[in-house]
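Please keep the sequence and the structure in view while reading.

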Amino acid sequence: MSEKLASYKRKRDFRKTGEPSGNGGLAGSRPIFVIQKHDASNLHYDFRLNIGGVLKSWAVPKGLSTAAGEKRLAIRTEDHPLEYVDFEGIIPEGQYGAGTVMVWDTGAFSSLEEDGADPGTLEKHLEAGKLKIELAGEKLQGGYSLVRMETGESGEQWLIIKMDDSQADARRNPVSTEPDSVISGRSLKEIARDEEESGHADKSSR
């Protein structure tokens, strides 16, 4: 586990950021996903799946689509600790990923692979670069395919594709119509304001 989180820990100074350190124990082994809206240097969505005891993570510039067949670029990032599923707040200036973070959607997910009953199937298909899952979130539901395209200077480039199922709906665009947090109901501006008022924006000031 420590090896999986080595990159995550190396990039952060936990004396300054309020992000979980990954030393607080597991948040559970249940198959949970989270999508965090992240107003960093560029606004994007961090898609995370609980696989192998950590949150496998991708940065998705436009967020996930609900239209069948629509492809969204996703850049693979470092594994995050499971405690990150409910992290919402400000990453201080000067820290990796500085900006405001919101829990935009969360819920359970399951494998749609034929060997989905195998506990190691998710890790196996992830390593192979092709994974089919079903989301049961508050904003997003149904099947999605994740396909690795190439590895470049910015890291592994993947596509996240909405599958053509009963949950596909091209008329919906939750990224724009449902912008607020599913755990607090707050907007990004409200999260930033609340954190700054409570003095949590920069741990180094304490």
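A residue is called buried when its relative accessible area is under 20%, and exposed when that area is over 50%. The model is predicted.

**Helix α4**

- Helix α4 spans residues 188-198, and its buried residues are Leu188, Ile191, Ala192 and Glu195.
- These residues lie on the same side of α4, because they cover an arc of only 95 degrees around the axis.
- Lys189 and Glu197 are exposed and sit on the face of α4 that is turned away from the buried side.
- The strands against which the buried residues of α4 pack are β1 (32-39), β2 (43-51), β5 (89-91) and β6 (99-111).
- Gly199 follows α4 and has a positive phi, near 80 degrees.

**Helix α2**

- In helix α2 (residues 121-128), the buried residues are Thr121, Leu122, His125 and Leu126.
- Viewed down the axis of α2, the buried residues fall within an arc of 130 degrees, so they line one face of the helix.
- The other side of α2 has Glu127 and Ala128, which are exposed.

- β2 is largely enclosed by the rest of the structure, because eight of its nine residues are buried.
- β2 is also among the strands that the buried residues of α4 pack against.
- Between β1 and β2 the pairing is antiparallel, with seven bridges; one of the bridge pairs is Val34 with Arg48 in β2.
- The hairpin that joins β1 to β2 runs through three residues.
- β2 also runs antiparallel to β3 (residues 54-60), and seven bridges join the two strands.
- Asp46 is placed opposite Ala59 of β3.
- Two residues lie between the strands in the hairpin of β2 and β3, where Gly52 takes a positive phi near 70 degrees.

- β3 pairs with β4 over four bridges in the antiparallel sense.
- Ala59, which stands opposite Asp46, also stands opposite Ile75 in β4.
- β4 and β9 (residues 155-162) run antiparallel and are joined by five bridges.
- Ile75 has Gln157 as its bridge partner in β9.

**Lys139**

- Where is Lys139 found? Lys139 is in the loop between β7 (130-137) and β8 (141-152).
- Lys139 is buried but has no salt bridge.
- A salt bridge would need a side-chain nitrogen of Lys or Arg within 4 Å of a carboxyl oxygen of Asp or Glu.
- Leaving out residues up to four places away in sequence, Lys139 touches Trp104, Asp105, Arg172, Glu178, Pro179, Asp180 and Val182.

Note on methods. Residues are numbered from 1 along each chain as its sequence is written. Side-chain values use heavy atoms; hydrogens and water are left out. Buried means under 20% relative accessible area, exposed over 50%, partly exposed in between (1.4 Å probe, protein chains only). Lys and Arg count as positive and Asp and Glu as negative; His and the chain ends are not counted. Contact means heavy atoms within 4.5 Å. The arc is that of the directions from the helix axis to the C-beta atoms. Two strands pair if DSSP finds at least two bridges between them.
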